[in-house]
Amino acid sequence: MSHVKAEIATQAECWRQAAKLAESPGLPARGERVAVVGCGTSWFMAKSYAVLREQLEHGETDAFQASDFPYARRYDRLIAITRSGTTTETLDVMRTVGEHTPVTVFTADAAQPAAEIAGHAVVLDFADEKSVVQTRFATSVLATLRAHLGHDIEAAAADAEVAIRLPLPVHPALVDQITFIGRGWTVGLAEEAALKCRETAGFWTESYPAMDYRHGPIAIAGPRRVVWAFGDVPAGLAEEVEATGAAFVHSRHHGGYGSIGRWVGKRAPLDPMADLILAQRVALSLATTQGLDPDNPRNLSRSVVLP
């Protein structure tokens, strides 16, 4: 078994452990103006959290790719996400902003520079990964932050246990392209799902806010292509996608696939983070059917450390 396959399968228990960290020192207080930074997968988790925190009226929250942080702005707290604790761009933001603002980092390794720089470190060493690609660490960070906002993580973990057993909604031999879409906080999850397929399998994926999908991206929809929605689906969009010949996937359906993406049966929608597990499993399937090593994708390293 590949490392990433095992790591995907352990997310339910990781989320339960992560939820216990919801009262860790250094997490944002209600009303604080907060910036959240990360790179790649960590940035997408930051985006999801930022939307959720504002939706729940906990305070103004912005998410930034670490290399594009707006240093002229002032915040009450910086949250940084870095699995390795060594990502150059994230460390640079932490050092600079930390001169005048409290910094909290989410990391998997307390012995690395990020934990030393931050005023507070939330260490999820139980969710660390041997694979280059991130799966359980990123979702466990988001589980901690969601728990801090009052979300029921036990319900999400129960859905994760379902997601790891469900038949895949996309057969790798029957699909040429997938577009992931989301609304609100699930836009970040859609972006992460697309990244997992690109990283793990070199597969053609795209991601967009669901309401923007009609404004151009739908032009590529067609036979042997899939549109996969996280969270709420705009009225009429599924029908418009299927009219192109593409398949529409959403977690309220389950069972087996008859073609690409058309599931048999219905169920209550999965928690969107559990739906992301299905996308991670699809990425793994796309890689292994091509004979690729999902633990060590080409051109990637565990952490980007710049000279």
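This is a predicted model: local features need pLDDT of at least 70, side-chain atom pairs count only at pLDDT 80 or more; totals for chains, interfaces and linings use all residues.

Q: Which domains is the protein divided into?
A: Domain 1 covers 3-152, and domain 2 covers 166-290.

Q: And how far apart do their C-alpha centres lie?
A: The C-alpha centres of domain 1 and domain 2 are 26 Å apart.

Q: How many residues are in contact there?
A: On the domain 1 side, 21 residues are in contact with 18 residues of domain 2.

Q: How much area do domain 1 and domain 2 bury between them?
A: About 1,700 Å². Of that, 70% is on carbon and sulfur atoms.

Q: Which residues of domain 1 lose the most area to domain 2?
A: Ile8, Phe44 and Arg146. Together they make up 29% of what the domain 1 side buries.

Q: Switching topic. What does UniProt list for residues 21-163?
A: An unreviewed UniProt entry lists "domain: SIS" for that span.

Q: How much of residues 21-163 is helix, and how much strand?
A: The span is 38% helix and 17% strand. Its end C-alpha atoms lie 24 Å apart.

Q: Which residues line the largest cavity?
A: The lining is Val4, Ile8, Thr135, Lys196, Thr200, Gln280, Ala283 and Leu284.

Q: Where do the lining residues sit by domain?
A: Domain 1 and domain 2 each give at least three residues to the lining of the largest cavity.

Q: And by class?
A: The cavity lining has 4 nonpolar, 3 polar and 1 charged residues.

Q: What about the largest pocket, how much space lies in it?
A: About 390 Å³. The pocket is lined by 22 residues. Closest to its centre are Cys39, Gln134, Ser301, Arg302 and Val304.

Q: Which elements give two or more residues to the pocket lining?
A: Helix 3 (41-55), helix 4 (88-97) and helix 8.

Q: How does the pocket lining divide by class?
A: The largest pocket has 7 nonpolar, 11 polar and 4 charged lining residues.

Terms used
Residues are numbered from 1 along each chain as its sequence is written. Side-chain values use heavy atoms; hydrogens and water are left out. UniProt positions are given in the numbering used here, feature names are shortened, and annotations may be inferred rather than shown by experiment. Helices (H or I, at least four residues) and strands (E, at least two) are DSSP runs, numbered from the N terminus. On a 1 Å grid over the protein atoms alone, a cavity is a set of points where a 1.4 Å probe fits but cannot get out, and a pocket is an open set with protein on both sides within 12 Å along at least five of seven lines; lining residues have an atom within 4 Å of a point. Ala, Val, Leu, Ile, Met, Phe, Trp, Tyr, Cys and Pro count as nonpolar, Asp, Glu, Lys and Arg as charged, and the others, Gly among them, as polar. Domain bounds come from an automatic or database domain assignment. Contact means heavy atoms within 4.5 Å. Buried area is the accessible area (1.4 Å probe) that two parts lose on being put together, summed over both. Grid points are joined across faces, edges and corners, and a volume is the space filled by probe spheres set on the points.
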